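Q: Hey, I'm new to this one. Can you walk me through it?

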Amino acid sequence: MTFEQLIFYVLAGIAVLASIMMISVNNPVKAALWLVLAFIATAGVWIMMQAEFLGIVLILVYAGAVMVLFLFVVMMLDINLVQLKEGFTRYLPIGVLAAVAIFAMMYMVLGPHQFGLDKTGEPVRFAADYSNTEALGLQLYTVHAYAFILAAVLLLVGIVAAIALTIRRRPPHEVKYQNIDKQVRVNPKERFEMVKMSAVKEKPVTQKQEGDE
């Protein structure tokens, strides 16, 4: 076994162990931390495959940004752990059967008879000055340009749909907007008005008027 194979099996084992712990622990915060470890191990495997850009993006975007957002949401929500544990043993056989079926389908699609070295051959070894980012950019913006644009349009539609579904419709008279330009250009004479009026003296109340009241 070569040193490269040893590193691969270590990273793959860490990713599998972290994935199992993520779905088996009861604490949601710990599950999110195990998922971060799975992301880091998977990024290491991608870097070994000379996909440095994808590995760095996985660490920066998913482990660094998305999981931080997940942790904030999980810690802000009041999650009832007792309610989460209810029905675990009842649905355990169904979960085991689903996991076995998923692994069986993955083996049939990604097994050695489909992606073995005798089928695909040895991976191409690039030189040290090879840029994975440049190669990925050339593929995205030339060969797969239309698919890339279509994915961008779908993401834009998803953002617009999320905003349209969550926006709150309120009557115009209940909504107050802040006009910064109007506030900057305000003239004090337009806000204050000095009004001159004569002093008014109240009439004293007599005993007769008090009796009438």
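Q: How many helices and strands are there in the protein chain?
A: The protein chain has 12 helices and zero strands. Both come from DSSP runs numbered from the N terminus (H or I of at least four residues for helices, E of at least two for strands). Keep in mind that this is a predicted model, where local features need pLDDT of at least 70, side-chain atom pairs count only at pLDDT 80 or more, and totals for chains, interfaces and linings use all residues. Residues are numbered from 1 along each chain as its sequence is written, and side-chain values use heavy atoms, with hydrogens and water left out.

Q: What share of the residues is buried?
A: Buried residues are 11% of the 213 in the protein chain. Buried means under 20% relative accessible area, exposed is over 50%, and partly exposed is in between (1.4 Å probe, protein chains only).

Q: Which residues make up the largest nonpolar core?
A: There are eight: Ala32, Val36, Phe39, Ala43, Leu58, Ala63, Met67 and Leu71. A nonpolar core here is a set of buried Ala, Val, Leu, Ile, Met, Phe, Trp, Tyr and Cys residues joined through side-chain atoms within 4.5 Å.

Q: What is leucine 58 in contact with, leaving aside neighbours within four places in sequence?
A: Leucine 58 is in contact with Phe39, Thr42, Ala43, Trp46 and Ala63. Contact means heavy atoms within 4.5 Å.

Q: And which residues of α3 are buried?
A: Gly55, Leu58, Ala63, Met67 and Leu71. Their cover includes α2.

Q: Where is the kink in α3 centred?
A: On methionine 67, with a kink of about 30 degrees. That bend is the angle between axes fitted to the seven residues ending there and the seven starting there.

Q: What does α3 span from end to end?
A: From first C-alpha to last, the 25 residues of α3 reach 34 Å, close to the 36 Å expected at 1.5 Å a residue. The expected span is 1.5 Å times one less than the number of residues.

Q: New topic: how many aromatic pairs are there?
A: Three aromatic pairs. Rings of Phe, Tyr and Trp (its six-membered ring) pair if their centres lie within 6.5 Å; planes under 30 degrees apart are stacked, over 60 edge-to-face, the rest tilted. Tyrosine 141 and phenylalanine 148 form an edge-to-face pair, 5.1 Å centre to centre with 70 degrees between the planes.

Q: Why does tyrosine 141 count as exposed?
A: Because its relative accessibility is 57%. Phenylalanine 148 is at 34%, so phenylalanine 148 counts as partly exposed.
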